[in-house]
Amino acid sequence: MTRKLELAALVIVDALALNVANVLHYTVRFDWQWFGEPEIFPAGMPLVGLTLTVFWLFIFTFFGLYRERYADSRFDELVSLLKVVSIGILILVFAIYIDALAPGSTRLAILFYWLSVFVCIALGRVIVRSVQKSLLLRGYGTHNALIVGWSDRVESLYEEVARYPEAGLSILGALRLDRDANGEAGHSGHDGGGGGVLDTDVLLKPATRSSVEAIAALPRMIDDLGIQDVLIALGSEDLDALMEVLRVCDGKPVRLKLVPDFYSVVGGMARTEHMYGLPLIEVLPEPMPAWEESTKRLLDIVVSLLVLVVALPLWILIGVALRVASTGPAIYRQERVGRDGKVFTMYKFRTMLKDAEATTGPVWAVEDDPRYTPFGRWLRRTRLDEVPQFWNVLKGDMSLVGPRPERPYFVSRLAEEIPLYNRRHRVKPGITGWAQVKWRYDTTLDDVQQKVKYDLFYIENMSLRMDSKILFRTIRTALSAKGR
């Protein structure tokens, strides 16, 4: 079952289950009157049922019940479902059931509706997950996986994965680092039944420059084979090799999983999981809980609409002033690198002379940069040049808060110079960020290195509270015209 098919199946089954629960609740409470004669009979039952179905689907989305739960325990999913349904019922009690504190019959009706929704949704999800598991056992919808590690560990891990087809991992290749004393490179492969290890293995001895070069081939293998999971089978003493694997995989849309030896090394960056008996440690899991991520996106949309619509006359005035004050378009377009390394077009009010980099090529802005127009310099100081980026936020390319997006030209250079630079691409870039409120503009490589530290700190500590702190400091900077 592909991810799109899984998502469609879950939404359809949930919608059907919710309608069953709504009809059951209405029949029991109003037709059969199990809980006593109700004082009010709702009119327009189909419309009420549709409204409740939309409400529940929104709640499930908001709390992450449609996030990918690949090969997860069905019991764990039911526990999450129980929590979310309970929260949804509480919302309905305060929003709809005005008589919630009335006679006990009403409270029993609410309890019955809570039970109906949970049981119907749970049954639907158990059916979907059972079908999904059955398909996985037949080899459909498996995740393409790649093993990285020393030769002896690669083979043992491959055999472990083969013993648990329910985990849904199909090993397509291996990057093998050989402990052979002579350090000569070579190729090998072996048959693996349902999916063998390809002849893309690299055999090299550890602790050599060659091993680093071998690991550098990992991004290409991920792209060529369409890898979704990278299983790391190194030893606990191989910290350098591990960090190199993490570095080259940064920015790639893959899940990294370790054998348990590395738990003491990665510390709080990991989450232990058992996939049908296969012990693995997921490195760098989702940085925010589902509900916070949904709230963050909701705030992005609301704030962007308010900024773009409410102050539209001001933005038009700024655009006209830019065209009058200097030659060139009012809106400046530039390619930037976003989440998972995807390139998008970012918009800004133009603050520099037209074709400012025609002779120099891509360069960083500096203090008192002669390329700024007088009006553009004021826009920079007040941060008003960033306003068109609210359109990027509305489209979903960016967020209000996050690491600032950089141009592909600089990303390719900085990723080679700065360890873990691409980890910034694990989240959406932002109009403002922790690095922007704590450090100055980029003028040197040292500045970039310092800002990367702040960006990584932000990613490790992402929360709505931290976003609020960053937005407050950004607004204070804009009002005091202290930007550059």
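How many aromatic pairs does the count come to? The count comes to seven aromatic pairs, where rings of Phe, Tyr and Trp (its six-membered ring) pair if their centres lie within 6.5 Å, planes under 30 degrees apart being stacked, those over 60 edge-to-face and the rest tilted. This is a predicted model, in which local features need pLDDT of at least 70 and side-chain atom pairs count only at pLDDT 80 or more, whereas totals for chains, interfaces and linings use all residues. Residues are numbered from 1 along each chain as its sequence is written, and side-chain values use heavy atoms, with hydrogens and water left out.

**Stop 1: aromatic pairs**

Select Phe375 and Trp378. Their ring centres are 5.8 Å apart and their planes lie at 15°, so the pair is stacked. The two residues are three apart in helix H12 and thus separated by about one helical turn; helices (H or I, at least four residues) and strands (E, at least two) are DSSP runs, numbered from the N terminus. Phe375 counts as partly exposed at 22% relative accessibility, and Trp378 counts as partly exposed at 43%. Here buried means under 20% relative accessible area, exposed over 50%, and partly exposed in between (1.4 Å probe, protein chains only).

Next, select Tyr409 and Phe410. With centres 5.2 Å apart and planes at 75°, this pair is edge-to-face. Tyr409 is partly exposed at 41% relative accessibility, whereas Phe410 is buried at 3%. Then select Phe55, Trp56 and Phe60, which ring pairs link into a cluster.

**Stop 2: helix H12**

Select residues 374-382, which make up H12. Among its residues, Gly376, Leu379, Arg380 and Thr382 are buried. Against which elements do the buried residues of H12 pack? They pack against helix H11 (312-325), strand E8 (343-349) and helix H17 (464-479). Arg383 follows H12 and has a positive phi, near 65°.

**Stop 3: the nonpolar cores**

Select Ile318, Phe349, Tyr421 and Tyr458. These residues have the most contacts inside the largest nonpolar core, which has 39 residues; such a core is a set of buried Ala, Val, Leu, Ile, Met, Phe, Trp, Tyr and Cys residues joined through side-chain atoms within 4.5 Å. Elements that each supply at least two residues of this core include H11, E8, helix H14 (408-417) and H17. Its largest share, six residues, comes from H16.

Leaving aside neighbours within four places in sequence, Ile318 is in contact (heavy atoms within 4.5 Å) with Phe349, Phe375, Leu379 and Leu384. A second, separate core of 26 residues includes Leu52, Tyr66, Leu81 and Leu92.

**Stop 4**

Select strand E7 (residues 331-337) together with E8; the two run antiparallel and are joined by seven bridges. Strands pair if DSSP finds at least two bridges between them. Gln334 stands opposite Met346 in E8. The two strands form a hairpin with five residues between them, and Asp340 in the turn has a positive phi of about 60°. E8 is mostly covered, with five of its seven residues buried.

**Stop 5: Ala233**

Select Ala233, in strand E3 (residues 229-233). Is this residue buried or exposed? Ala233 counts as buried, at 1% relative accessibility. Beyond its neighbours within four places in sequence, its contacts include Ile147, Trp150, Leu157 and Val259.
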